[in-house]
Amino acid sequence: MQGVLTGFAVIAVGYAIGRRGYLGDQGREVLTKLAFHVASPALLFTTLAQTDLSVIFSSRLLVTALSTAAAAGVFVAVGAVRHWGVGRTTIGALCSSYVNSGNLGIPIAVYVLGDASLVAPVLLFQLVGVTPVALTILDLSGRGEKGPLWRRLLTPLRNPIAVGSLAGVAVSATGLRIPAPVLDPLTLIGGMSVPAVLLAFGISLCGSTMPGRGPDRHPVFLSVALKSVGQPAAAWALAAGVFGLRGAPLLDVVVTSALPAAQNLYTYASSYRVAERLARDSILLSTVISVPVLVVVAALLG
């Protein structure tokens with residue numbers, strides 16, 4: 001639990017920085033871009049390049065996939081009954097199950113689990129598996145923009161964090177040794193990832209409007225409940241009851257499942273011009289609620 005509190009203490013510092021305006025109007029954007037395009041890919045590359053792949057591709061990944069499917073499936077079932085439409089139901093299902101493994105997932109893995117590589121299977125599963133399926137559904141529903149479908153499906157593979165992760169996995173799989181003059185600068189750059197992400201997130205909380213209002217309030221509340229409680233509960237039940245995980249492995253899968261909805265889901269909603277308020281409100285609410293949820297999970301299972 002100490003790791004969770006440390007991480008959110010840094011978020012509080014970011015909030016204070018935002019309130020005081022120390023980094024100006026572009027501070028959050030600069031920190032976010034630094035982490036996304038440079039520091040986080042470097043951190044994941046250097047970590048995964050020196051990690052035993054058997055630790056990454058294990059039963060934990062299967063638990064993640066099944067709990068993701070369970071949370072998304074519940075939202076899809078309710079959306080079909082309530083006639084929310086394909087586009088809104090797809091975005092809502094993503095908000096119910098697609099965790100923030102890139103931004104908050106990396107620092108939480110470092111502070112709580114002690115190993116950034118533990119979030120990599122979730123990140124790769126979502127970018128390579130979930131995202132193409134969701135974008136295909138939106139395209140087939142008529143929500144897609146003009147352009148070849150194959151180009152849109154390959155969009156996740158142009159994600160810098162995904163590229164860094166895949167490159168690290170490739171180095172580990174081939175057994176290559178990275179020379180110190182190359183590895184040391186990358187390690188130093190990767191060290192900026194966690195504080196930059198947490199500070200940027202703290203700054204983003206300044207001036208946020210009250211979510212959960214308007215015609216999308218029911219889908220919002222359902223997606224937040226599934227993301228914040230349903231998915232981690234499903235992960236715990238599967239990990240402990242079906243796969244017999246205990247101790248650190250159990251904590252790993254429950255913590256990663258308890259992460260809030262990913263911020264890039266709003267980008268998808270905006271690109272397809274569907275359920276933008278649903279995505280925005282779900283991300284904000286699930287992020288706020290994730291604070292007490294992660295503290296409770298760490299206290300009970302840590």
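## Around Ala 116

Ala 116 touches Leu 43, Leu 44, Thr 47, Ala 109 and Val 110, leaving aside residues up to four places away in sequence; contact here means heavy atoms within 4.5 Å. This is a predicted model, in which local features need pLDDT of at least 70 and side-chain atom pairs count only at pLDDT 80 or more, while totals for chains, interfaces and linings use all residues. Residues are numbered from 1 along each chain as its sequence is written, and side-chain values use heavy atoms, with hydrogens and water left out.

Where does Ala 116 sit? Ala 116 belongs to the loop between α6 (105-113) and α7 (120-140). Its relative accessible area is 6%, so Ala 116 is buried (buried means under 20% relative accessible area, exposed over 50% and partly exposed in between, with a 1.4 Å probe and protein chains only).

Helix α6 itself is mostly covered, with 7 of its 9 residues buried. Those buried in α6 are Gly 105, Ile 106, Pro 107, Ile 108, Ala 109, Val 112 and Leu 113. Just after α6 comes Gly 114, which takes a positive phi of about 80°.

## The overall picture

Stepping back, the secondary structure of the protein comes to 15 helices and 0 strands. Helices (H or I, at least four residues) and strands (E, at least two) are DSSP runs, numbered from the N terminus. Of the 302 residues in the protein, 50% are buried. Among contacts between residues at least 6 apart in sequence, 83% join residues at least 24 apart.

## Helix α2 against α10

Helix α2 (residues 27-49) packs on helix α10 (residues 180-190) at an angle of about 125°, and their axes are 7 Å apart. Axes are lines fitted to C-alpha atoms, for helices over the stretch in contact, and angles run from 0 to 180 degrees between N-to-C directions. The two helices are therefore oblique to each other (under 35 degrees counts as roughly parallel, over 145 as roughly antiparallel, 65 to 115 as roughly perpendicular and the rest as oblique).

On the α2 side, Val 38, Ala 39, Ala 42, Leu 43, Phe 45 and Thr 46 meet Leu 183, Leu 186, Thr 187, Ile 189 and Gly 190 of α10. These residues divide into 8 nonpolar, 3 polar and no charged; Ala, Val, Leu, Ile, Met, Phe, Trp, Tyr, Cys and Pro count as nonpolar, Asp, Glu, Lys and Arg as charged, and the others, Gly among them, as polar.

## Helix α12 and its partners

Helix α12 (residues 217-242) packs with helix α5 (residues 86-97) at about 30°, their axes 7 Å apart, and the pair is therefore roughly parallel. Arg 88, Gly 92, Cys 95, Ser 96 and Ser 97 of α5 meet Pro 219, Ser 223, Leu 226, Lys 227 and Gln 231 of α12. This contact holds 3 nonpolar, 5 polar and 2 charged residues.

With helix α15 (residues 276-301), the axis of α12 comes within 9 Å and crosses at roughly 30°. These two are therefore roughly parallel as well. Among the residues making the contact are Pro 219, Ser 223 and Lys 227 of α12 and Asp 281, Leu 285 and Ile 289 of α15. The residues of this contact divide into 10 nonpolar, 4 polar and 2 charged.
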